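Grab a pencil and try these exercises before reading each solution.

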Amino acid sequence: MMDVLGLLAHGFTVAGTPQNLFYCLVGALCGTLIGVLPGLGPVATISLLLPATYALDPTGAIIMLAGIYYGAQYGGSTTAILMNIPGESTSVVTALDGHRMAQQGRAGEALAIAAIGSFFAGCVGSLVIALAGPPLAGIAQKFESPDYFSLMLLGLVSAVVLANGSVFRAIAMILLGLLLGLVGSDINSGLTRMTFGFLQLSDGVNFVAIAMGLFGVAEVVSNLETRGEKKGQIARIGSLWPSMKTLLATKWAVMRGTLMGIAFGILPGGGATVASFSAYALEKKIARDPSRFGNGAAEGVAAPEAANNAAAQTSFVPLLTLGIPTSATMALMIGALTLHGIAPGPMVLTRQPDLFWGLIASMFIGNLMLVVINLPMIGLWVKLLNIPYRMLFLVILVISGIGVYSVNNSVFDVYLTLAFGLLGYILRKLDAEPAPLLMGFVLGPPMEENIRRSLIISQGDFMVFLQRPISLTLLLAAAALLISVALPFIRKRRVEVFKDESAI
Amino acid sequence: MNGAFWRGNIDFYCGLLLLSISALAIWTVSELDFGTAQEMGPAYFPLVVAGLLGAMSLFMIVKGLLTRGEAVGHIEVRPLFFILASFLAFGLLVQPAGLIIAIVTQVALAHFASPDTRVIESILFALGLAVFSAVVFVHLLGIPVSLFP
């Protein structure tokens with residue numbers, strides 16, 4: 001415990017340099033901005049900003065990108081409460097009671113509860129990373145190739161189980177991602193694979209091009225297609241001070257939401273969206289008078305907002321300790337670290353302690369900044385709500401183009417983004433969400449490497465994956481998860497959880 | 001399928017798309033060494049993944065043929081065409097014509113992607129974004145691209 005405090009203190013000296021404070025602030029501002037703006041999510045924004053982080057040092061880059069992710073959780077609630085339009089998928093349920101509160105003239109109160117709940121959850125979530133990180137990384141260091149392979153398999157399987165929509169398609173998307181990840185040179189033989197003679201592909205498909213194409217360009221086209229901009233009345237904010245009575249009433253809801261968020265953040269595939277849905281469902285279930293929900297119950301704002309922010313922080317645990325992305329956003333973080341030559345995994349803690357502890361410390365600082373950004377400055381963000389998409393998409397488009405070009409100064413990458421934009425659009429039309437593809441893409445090369453090494457050690461015997469206890473446990477967990485989706489009652493539950501989300 | 005012209009459904013087309021991708025992958029790695037489980041060649045893992053993907057896509061195609069399924073949603077040509085065209089124009093122009101012309105052309109084409117855009121706004125955004133990119137990407141980040149032809 002003392003160790004952790006000492007290391008955390010060191011983290012604050014890293015995060016507290018003027019430079020890193022600045023990146024943290026930029027991340028928090030960007031996150032709030034995209035959270036407030038509907039039609040621009042964290043995945044698209046982080047893809048857009050990846051090229052810019054190339055010029056920063058890795059610690060500054062990851063501090064900024066993390067700030068965007070958890071900042072978006074704050075900003076998303078503003079639009080949900082004031083306009084009944086969720087700015088992010090994670091604040092869909094916040095709109096239910098948050099907007100009712102706004103209609104009752106309690107918008108300020110709802111905003112304050114959301115921000116306070118998020119702040120509390122964010123701090124607890126960051127503390128969880130600090131406490132759980134080192135022991136988990138210690139366990140991970142005992143892992144050998146077969147264990148790693150099984151762990152990645154488990155990660156992908158749980159991502160599929162908790163993903164939105166058809167399990168079958170999600171698995172297909174992961175396979176497609178794995179395949180795309182294998183394009184380029186084979187490390188063992190040095191031969192190039194699946195490059196179709198393009199020299200530019202010999203180092204693999206550019207990660208930025210895939211991310212920007214699938215999530216930037218394709219989303220712009222999809223958004224433009226759904227015509228008629230959602231224009232809502234912006235509710236008046238009123239007093240930002242919640243009454244003591246409301247604050248005390250939401251105390252336990254915030255706690256429960258935080259715990260829910262921590263659990264879902266650490267679990268692969270869960271992430272902030274599932275956490276907020278589950279937290280809302282729990283509050284409604286245990287409430288003495290469930291009919292209050294949907295009619296302006298403050299707990300209905302506090303719990304999901306705490307949950308989504310806690311999950312946004314703790315999803316960094318598997319990323320930093322095991323090197324496993326739990327969502328598309330975390331796959332982007334892996335991409336960002338890889339661009340800087342850092343392999344995410346247990347080694348980050350020992351080889352890059354500045355990055356690990358600096359990031360955690362920056363989360364405390366960033367959450368504090370976000371409360372200030374979101375409460376006293378709320379008027380500014382409300383003005384931004386009026387920015388129409390017809391201007392926004394031009395900005396997204398231009399920054400995608402020049403951004404992807406700037407990574408390698410390569411026109412080829414621009415065309416690649418175009419191709420992935422088209423692919424992403426078609427996949428969406430065919431009801432195949434491309435988010436699992438990105439996770440497969442990131443895990444393709446390490447999975448091949450680990451299965452190769454495992455089978456060299458075992459002399460070609462596939463039983464090696466079942467003989468090692470760690471690997472066997474992980475595989476059994478993966479199998480249990482897969483079987484569980486096949487069971488009808490869980491299947492029904494999944495549909496329920498994601499029913500409202502598709503509305504965005 | 002009763003009598004009317006069969007338009008297909010999302011399962012069928014999704015399967016078809018993934019099948020062609022996996023077939024392409026299998027074809028292009030088939031000339032490489034497969035190796036053995038103990039000593040995997042460069043083709044081993046890609047072939048396994050592409051094989052699984054191919055099997056799944058066949059299943060989707062069969063499912064699409066046998067069941068009614070959900071029809072493919074309406075595809076609007078206008079945003080798709082102009083967004084892709086604007087991106088293509090940027091790629092074609094950025095090196096020969098310089099960044100400013102490339103971005104202005106990109107925005108000009110993107111303008112037609114939506115009926116909501118307004119000419120004055122788009123002109124202002126084209127110029128603003130060109131200047132912004134010149135300052136941020138060329139001046140601050142120092143990417144080697146000329147601003148003018």
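Predicted model: local features only at pLDDT ≥ 70, side-chain atom pairs only at ≥ 80, totals over all residues.

**Exercise 1.** Work out what percentage of the residues of chain B count as buried.

Start with the cut-offs: a residue is buried if 20 or more other C-beta atoms lie within 10 Å of its own, exposed if 12 or fewer, and partly exposed in between, with C-beta atoms placed from the backbone. Apply that to the 149 residues of chain B, and 36% count as buried.

Residues are numbered from 1 along each chain as its sequence is written, and chains are lettered from A and ligands numbered from 1 in the order in which they are written.

**Exercise 2.** Find out why chain B is described as more spread out than a compact globule.

First, list the elements: chain B has five helices and zero strands. (Helices, H or I with at least four residues, and strands, E with at least two, are DSSP runs numbered from the N terminus.) Next, compare sizes: the radius of gyration of chain B is 23 Å, well over the 15 Å from the globule rule for 149 residues, so chain B is more spread out than a compact globule. That radius is taken over C-alpha atoms, and the rule is 2.2 Å times the number of residues to the power 0.38. Then check the box: the C-alpha atoms of chain B fill roughly 55 × 55 × 20 Å along the principal axes. Finally, look at the domains, whose bounds come from an automatic or database domain assignment: domain 1 covers 10-66 and domain 2 covers 77-140 of chain B. Their centres, over C-alpha atoms, are 38 Å apart.

**Exercise 3.** Run the radius check on chain A.

Count first: chain A has 23 helices and two strands. Its radius of gyration is 22 Å, close to the 23 Å that the rule gives for 504 residues, so chain A is as compact as a globular protein of that length. The box for its C-alpha atoms is roughly 70 × 50 × 50 Å along the principal axes.

**Exercise 4.** Describe how the two chains touch.

Two residues are in contact if their C-beta atoms, placed from the backbone, lie within 7 Å. By that test, 53 residues of chain A meet 57 residues of chain B. Helices of chain A that each supply at least two residues to this side include H9 (207-225) and H18 (389-408). Sort the chain A side by type and you get 35 nonpolar, nine polar and nine charged residues. (Ala, Val, Leu, Ile, Met, Phe, Trp, Tyr, Cys and Pro count as nonpolar, Asp, Glu, Lys and Arg as charged, and the others, Gly among them, as polar.)

**Exercise 5.** Is H18(A) largely enclosed or open?

Begin with length: H18(A) has 20 residues and reaches 30 Å from first C-alpha to last, close to the expected 28 Å. The expected span is 1.5 Å times one less than the number of residues. Next, count: 14 of the 20 residues of H18(A) are buried, so this helix is largely enclosed by the rest of the structure.
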